[in-house]
Amino acid sequence: MDIARTPSTADGNPEMADAAHEPHAPVTIRRADYTPPAWLVPEIALHFDLGAGATTVRSELKVVRNPEAERTGNIRLNGDEIEPKSVLRNGAPCESWTMDGNDLLVSIDGEEALISITTELAPDTNSKLMGLYASNGMLCTQCEAEGFRRITFFPDRPDVLSTYTVRMEGDATTFPVLLSNGNKTGEGELEGGRHWAEWHDPWPKPSYLFALVAGDLVALEDSFTTMSGRTIDLAIWVREADLGRTQHAMDSLKKSMKWDEETFGREYDLDVFNIVAVGDFNMGAMENKGLNIFNTKYVLADPETATDGDYDGVEGVIAHEYFHNWSGNRVTCRDWFQLSLKEGFTVLRDQLFSQDMQGEAVKRIEDVRVLRAVQFPEDSGPLAHPIRPDSYQEISNFYTSTVYNKGAEVLRMMRSMAGEERFRKGTDLYFDRHDGEAATCEDFVRAIEEGADLDLKQFRRWYEQAGTPRVSAALKDGELRLTQEVPATPGQPDKQPMVIPLRVALFDRDTGKSSGERLVVLDRAEASFKFEDAPADAVLSINRGFTSPISLDVERAAGDLLFLAANDDDPFARYEALQELVIEHLLAEAGAEGAVHNDAADLAALGEAFGAILDDDALDDQMRGEMLLLPPVAYLCEQVLVADPVALHKAREGLKAWLGGELRERFEALHARASAVPYSLERKARGARKVKTQALAYLAAADAAAAAPRAKAQFDAADNMTDRQGALMVLAGLDRPERKAALADFHERFAGNDLAIDKWFALQAGSLHPDVIEHVKDLAGHADFRLTNPNRVRSLYMAFAANKHGFHAESGEGYRLVADLILQLDPINPQTAARFVAPLGRWRRMAEPHGTMMREQLERIAAADGLSRDTYEQVSRSLG
Ligand code: PHE
Ligand code: ZN
């Protein structure tokens, strides 16, 4: 029996007694309550009679008693918004079934049974995009985490692994292509213009990895020969009009397959690998066994419609989903609390892959920027949770930056301590030992401990404790003193010291040289490390390469950061030093508590440091572009207990304007030099495009009137989306005549191209324009806006929620707009609606009147009737 979800669990929990009186009666699922499934389903056969309006599903489950679980007379089969049309047991109609809430209970006397259930679905009204749904005339599925129960009744939990046989039939004209997991084992014509196909997946898998696609699709086909010499047929399925934009995805897939063989020793294990692109998708993509389903955003790319960033996104997500075939599918998760087992590991794998493809330093900086702008705020707010959460109400809410990105950082720390080779021994042992199993985070840690010969006893706290540790460092006479503190987070008031590895180097102030790097591991509240070879009065470079996901407070002498920004031989550390300088300056400008007042000399020094970045011929443009990017306001807000987002935003824009004026000639020269580089996907040309738009943004901040024609010229001359979007981004923020013309041109040029039109929405919603709120309101009424399409919703409202000067407008109108969206979207697509709660959830950390206005909107949402479990959980945590 699925103890974790039975009402008795909730009844036994004193906290639930009160909640049960509320309309939502949320059930809290706890990690500690895990029990093994009472029944296993070694085999399942599914028969689909497909139609967009009505689809009939008949399942045949071979169920056997789990000898390792408590005996029960019933099998619990989860359901969600479905009804059993018929239930057969061992071939005969079964009368003794009951419903327990959404779940179907079927009694079984012996040790095994054959259960057959019929359900009926209406894919074209399934706006939640979970289960079987329609998108642009095709049918597709999304089952992670709990979507399979919207298709048929099943023990819908990842520790029940089955081999699947899937037969689909439907109209041959509407659904010429019929795909499912594994290999195709048969197909044929039927009467009345219908046809069928059957697929079989030999690898036992949990239900969340089931997938089906039916539609009028075409494929880019290719093949890959594995390290053992097997040939795999590869196909990327899209609508016909998109076929010309699939080559980059295919190239990325082949590179990923090769890289996983070389780097982790992992070979692909089926004869075919299919990828399908769909326009309506809640997330980025899904690793269904042998049949990955992707958001079009992470498949389609050509120079005209995709930016360099989009190209990287496709490469990274293709790799991520492909890598899941081992870290996720061959070894899956025992329960959803273990989500980081597959996600943290797979993110680390895709990051390492992209580092190898794109260059290590730039990729590392980008990953850390995302971590700090998204995960750090999560970890310091009401939604903070450990990478292995202890409880949830709706698991969809835990597909978070903490589980994914911090999860990857935790594994990266293990790798830093073990070294690459020993870490690989650990992962080899993990894959070997748990192949075919549903494993836990603990299983992973134990495999690394044994395989890599590493003691991770105390390190396990990274799985248990939420919050970003704060480390203070001071170097004196060759002695490095470190202290750490892990802040309190919801439900975790007291914390134990973490194991914090830090790569450290000391620099000689006179020669600018370091005496080499070493790894120190801080595992107590306080510790000292003696550097025998330290030069007198050395400059400290610490947490190089961002060894640990912490925040740092370093006691520094004046000039240290400028020194490191100019001399550090770790590119990340050099970047970091400049960021620190900028942060110090901006906090002071914004009048943040405790910040040291700026003087003219500080500003001049910053100007020189940026000037040096512009002049440094040894830097390539990719890295130059990273160094020129000012820290995001979201990360600036993290530096203080209570932030004034508007003041920080203004300070940041002010610095941009000052630098743009101060370094005007050099930015103009940079823009001209970069504009002369012809389009290609080579690193050099990509770097040029990156600094080109940055130069434009600095110039525009300093002098809008002079920059607008330059931006319009870049827009008009663009032969690629990177330049065009960059120019439009700048123009969208300017109150200049060129703005309107460029926006109209872009919209007309890309009419009908959903991904490009998404950009058009996002650029306006994220713009620096003073009237951005009015623009967003107008755009919500635009003929191209659709609440049913998550990409479109995100392009308008996520861009807006991230736009500090719009979202945090003094009127409170920004908060109201986002709350309105949540209320409107919740009944349509709760999973996507709930994602918009987090920006409002920051209220406790925002200066007045912002904090109160944000809280009021959360309260307004909380008071609404019939809220989804998704949104209810996020709102109540945010207010709690
Ligand atoms: N498992 C997917 C990934 O990380 C993400 C996902 C989760 C997609 C839930 C859809 C639904 O690649
Ligand atoms: Zn993933």
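Predicted model: local features only at pLDDT ≥ 70, side-chain atom pairs only at ≥ 80, totals over all residues.
Residues are numbered from 1 along each chain as its sequence is written, while chains are lettered from A and ligands numbered from 1 in the order in which they are written.

**Strand 2 and its partners.** I note the terms: helices (H or I, at least four residues) and strands (E, at least two) are DSSP runs numbered from the N terminus, and two strands pair if DSSP finds at least two bridges between them. Strand 2 (residues 39-49) runs antiparallel to strand 3 (residues 55-65), with 9 bridges joining them. Those two make a hairpin, with 5 residues between them. Strand 2 also runs parallel to strand 12 (residues 162-171), joined by 7 bridges. Back at isoleucine 44, I looked at strand 3 and found leucine 61 as its bridge partner there.

Next I followed 4 strands that form an open sheet in the order 10-11-16-13, with antiparallel pairing. Strand 10 (131-135) and strand 13 (177-180) are the edge strands, each pairing on one side only. On average, neighbouring strands here are turned by 15° against each other, direction ignored; the axes are lines fitted to C-alpha atoms, for helices over the stretch in contact, and angles run from 0 to 180 degrees between N-to-C directions. Strand 13 pairs with strand 16 (residues 212-215) over 4 bridges, in the antiparallel sense. Leucine 179 stands opposite valine 213 of strand 16.

**Ligand 1.** Which residues are around ligand 1? I list Gln142, Glu144, Asn282, Met283, Ala285, Met286, Glu287, His320, Glu321, Glu343 and Tyr399 (near means a C-beta atom, placed from the backbone, within 6 Å). Strand 20 (285-286) and helix 4 (308-323) each supply at least two residues of this shell. I sort the shell into 4 nonpolar, 3 polar and 4 charged residues; Ala, Val, Leu, Ile, Met, Phe, Trp, Tyr, Cys and Pro count as nonpolar, Asp, Glu, Lys and Arg as charged, and the others, Gly among them, as polar.

Most residues other than glycine have a negative phi, and most peptide bonds are trans. The bond from glutamate 144 to alanine 145 is cis, with omega near -5°; alanine 145 sits in the loop between strand 11 (138-142) and strand 12. Another cis bond joins glutamate 848 and proline 849, with omega about 5°. Asparagine 90 has a positive phi of about 50° though it is not a glycine, and lies in the loop between strand 5 (86-89) and strand 6 (92-93). Is asparagine 90 buried or partly exposed? Asparagine 90 is partly exposed, with 13 other C-beta atoms within 10 Å (buried is 20 or more other C-beta atoms within 10 Å, exposed 12 or fewer, partly exposed in between, with C-beta atoms placed from the backbone). Aspartate 477 has a positive phi too, near 45°, and counts as exposed, with 10 C-beta neighbours inside 10 Å.

**Helix 30.** Finally I checked helix 30 (residues 869-879), where the buried residues include Asp870, Tyr872 and Val875. Among the elements covering the buried residues of helix 30 are helix 26 (813-825) and helix 29 (850-862).

Note on methods
Contact = placed C-beta atoms within 7 Å.
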